[in-house]
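Here is a short report for a first look at this structure. Keep the sequence and the 3D view side by side as you read.

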Amino acid sequence: MGVKYDSQTQKFSFDFQHDGINDLITITGSGYQVEAFGKCFYYGYEFEPDVDSALRTDFIQYVKFSPSIQNDENLSHFIQKAINDLNDKINLYDYDLVIYPQSSSQVNQYMLRYIYRFAQPTLRQMQLVKALPSNISFDIDAYSKQYLDDVLENGRPRYTQAQKKEALASINKMMDLIHSKDYFTIAKDVKKSKLRPYMLQFLKFASEEDKELCSTIKNQNILVIDDITTSGSTLNEILRALRILNEDNSITIFSLLGRKNLMAE
């Protein structure tokens, strides 16, 4: 079973019965599991290794911005199969809370509605949304500890004081630029930055009620979902927000499309 691209019609076709040598995504099997983010991370599908970046981007755009998933039988089946496989692995009935990032795609909402078929009636959902650019900060202490204060094998500092000063000046300049950005353009600029893991307060709970609920629940099973995971930056930010509130919950992460070497970069 797989997904192919027809260059003549410029459309994606799904074959849920047979494998093919030209499949972009092989959907035979029951999903994937990797250790990432310090948590158990599941994902439904990944691209075949020889698929070029342009085609991957086209498929991601098709999935994220489909006009209507419910009216697209192949895409809805594609998503449902991934959730069914996830349920076989973790039993969604045992989960109390689903958290997901704000997204311009319909995939997260569709996955959420489908998850309700398996979950308890008390299942709650929470949404994290982008903060204002002016609220985003940078974790200088963590960055310095991880990189700037690094030492060589002989015990000598890797960077001189002048190099450290130059790096910090560059970070300050970057943050000034981010703070001046428009709310709707900030996501792209932050996402492509290699320093994204050290940027704080990029996401916030959509409401104070959600934040309060998440801070008070203890020893619950939480499912974090997202449609597409490439760099993992969004999921890292969600986990950071959850850890600030409490670390007493069991967290499982699921993404419809992900990568085995997610944390390699």
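## Terms and confidence

Two strands pair if DSSP finds at least two bridges between them. That rule matters for the sheet described below.

The model is predicted. Its mean pLDDT is 79, and 81% of the residues in the chain reach 70 or more. Among the elements, helix α2 has the highest mean pLDDT, 92. Helix α6 (residues 186–191) has the lowest, 55. Where pLDDT is low, the predicted coordinates should not be read in detail.

## The open sheet

Three strands make up an open sheet. Their order is β2-β1-β3, and the pairing is antiparallel. Strands β2 (11–15) and β3 (25–26) stand at the edges. Each has a single partner strand, so one side of each has no neighbour in the sheet.

Strand β1 (residues 2–6) is joined to β3 by two bridges.

## Aromatic pairs

How many aromatic pairs does a search of the whole structure find? The count is 15. In one of them, the ring centres of F14 and F59 are 6.4 Å apart.

F47 lies in the loop between β5 (39–45) and α1. With F59 in helix α1, the pair ties together parts twelve residues apart in sequence. F47 is buried, with a relative accessible area of 16%. For F59, also buried, the value is 0%.

Ring pairs link these residues into a cluster. Its members are Y5, F12, F14, F16, Y45, F47, F59, Y62 and F78.

## K89 in helix α2

Where is K89 placed? K89 belongs to helix α2 (residues 73–90). Is K89 buried or partly exposed? K89 has a relative accessible area of 39%, so it is partly exposed. Its C-alpha atom is separated by 9.7 Å from that of Q33. Along the chain, K89 and Q33 are 56 residues apart.

Methods:
Residues are numbered from 1 along each chain as its sequence is written. This is a predicted model: local features need pLDDT of at least 70, side-chain atom pairs count only at pLDDT 80 or more; totals for chains, interfaces and linings use all residues. Side-chain values use heavy atoms; hydrogens and water are left out. Helices (H or I, at least four residues) and strands (E, at least two) are DSSP runs, numbered from the N terminus. Buried means under 20% relative accessible area, exposed over 50%, partly exposed in between (1.4 Å probe, protein chains only). pLDDT is the predictor's confidence in each residue, from 0 to 100. Rings of Phe, Tyr and Trp (its six-membered ring) pair if their centres lie within 6.5 Å; planes under 30 degrees apart count as stacked, over 60 as edge-to-face and the rest as tilted.
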